Amino acid sequence: MLGLRDQVAQRLLNFDISTNPSRAGPDLLDSELMRIGVFAQRSGLTSSALRFYADSGLLPPAGVDPATGCRYYSAAQVARAAMLRRLRGIAMPLAVVEAGFGAEPDEASGLLDEHVSKIVAEAPTAQQKAAAIKSVLGNVWLFRSRP
């Protein structure tokens, strides 16, 4: 009887990779495959975030079980997922994240510098808007729901 990993590997072998090249790599079966929940714990991303990033093309799963639709990720994808989490943690837009992933290190560093410069430049405006919001906090009745 085949173990779970072997069963998944067999299903992935039967999966038509030619129609979904982003879903499998040459070393897919040589790496540790993890279900989405395990990968979420290892990467620090939620399962829903992983589904979103897969749908956006930023972090497609290493494979998808054609029978169940279950997504599997490889250990080699943890570093990319962690970097994605860090970049989103500083509010880097998905388009810039995607550009950074496809760039050489110097170019990616420049994209990061540009993003941080933009955040710093926008900080005074955000502070002014926050001050305006705080000024109406005294009118607590605006924030209470009424029956």
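Helix α4 passes helix α5 in a right-handed crossing, where right-handed means the near helix is turned clockwise from the far one by less than a right angle, and left-handed means anticlockwise. This is a predicted model, so local features need pLDDT of at least 70 and side-chain atom pairs count only at pLDDT 80 or more, while totals for chains, interfaces and linings use all residues. Residues are numbered from 1 along each chain as its sequence is written, and side-chain values use heavy atoms, with hydrogens and water left out.

**The α4 and α5 pair**

Two packed helices are described by the angle between their axes and the distance between the axes. For α4 and α5 (residues 94-101), the angle is about 140° and the axes are 11 Å apart. Axes here are lines fitted to C-alpha atoms, for helices over the stretch in contact, with angles running from 0 to 180 degrees between N-to-C directions. That makes α4 oblique to α5; angles under 35 degrees count as roughly parallel, over 145 as roughly antiparallel, 65 to 115 as roughly perpendicular, and the rest as oblique.

Who touches whom? On the α4 side you have Arg80, Met83, Leu84, Leu87 and Arg88, and they meet Leu94, Val97 and Phe101 in α5. Contact means heavy atoms within 4.5 Å. By class, this contact has six nonpolar, no polar and two charged residues. The classes are simple: Ala, Val, Leu, Ile, Met, Phe, Trp, Tyr, Cys and Pro are nonpolar, Asp, Glu, Lys and Arg are charged, and the others, Gly among them, are polar.

**The loop between them**

Ala91 sits in the loop between α4 and α5, and its backbone is worth a look: phi is positive, about 60°, although Ala91 is not a glycine. Ala91 counts as exposed, at 52% relative accessibility. The cut-offs are under 20% relative accessible area for buried, over 50% for exposed, and partly exposed in between, with a 1.4 Å probe and protein chains only.

Pro93 lies in that loop between α4 and α5 too, and is partly exposed, with a relative accessible area of 36%. Leaving aside neighbours within four places in sequence, Pro93 is in contact with Arg88 and His115. Pro93 and His115 are 22 residues apart in sequence, and their C-alpha atoms are 8.8 Å apart in space.

**What α2 packs against**

Now go to α2 (residues 36-43), whose axis comes within 9 Å of the axis of α4 (residues 78-89), the two crossing at roughly 60°. That makes α2 oblique to α4. The crossing of α2 past α4 is right-handed. From α2, the residues Phe39, Arg42 and Ser43 meet Val78, Ala81, Ala82 and Arg85 in α4. The residues of this contact divide into four nonpolar, one polar and two charged.

Helix α2 also meets α3: their axes come within 9 Å and cross at roughly 100°. α2 and α3 are therefore roughly perpendicular to each other. Ile36, Gly37, Phe39 and Ala40 in α2 are in contact with Ser47, Leu50 and Arg51 in α3. Sorted by class, that contact has four nonpolar, two polar and one charged residue.

| Helix pair | Axis angle | Axis distance |
|---|---|---|
| α4 and α5 | about 140° | 11 Å |
| α2 and α4 | roughly 60° | within 9 Å |
| α2 and α3 | roughly 100° | within 9 Å |

**One salt bridge**

The count comes to one salt bridge, the rule being a side-chain nitrogen of Lys or Arg within 4 Å of a carboxyl oxygen of Asp or Glu. Arg71 forms this salt bridge with Asp55, and the closest N and O atoms are 3.9 Å apart. The pair links distant parts of the chain, with Arg71 in strand β3 (residues 71-74) and Asp55 in helix α3 (residues 47-56), 16 residues apart. Asp55 is exposed, with a relative accessible area of 62%.

**The whole chain**

Stepping back, the chain has six helices and three strands, in the order α-β-α-α-β-β-α-α-α along the sequence. Helices (H or I, at least four residues) and strands (E, at least two) are DSSP runs, numbered from the N terminus. Of the 147 residues, 28% count as buried. Among contacts with a separation of 6 or more, 48% come from residues 24 or more positions apart.
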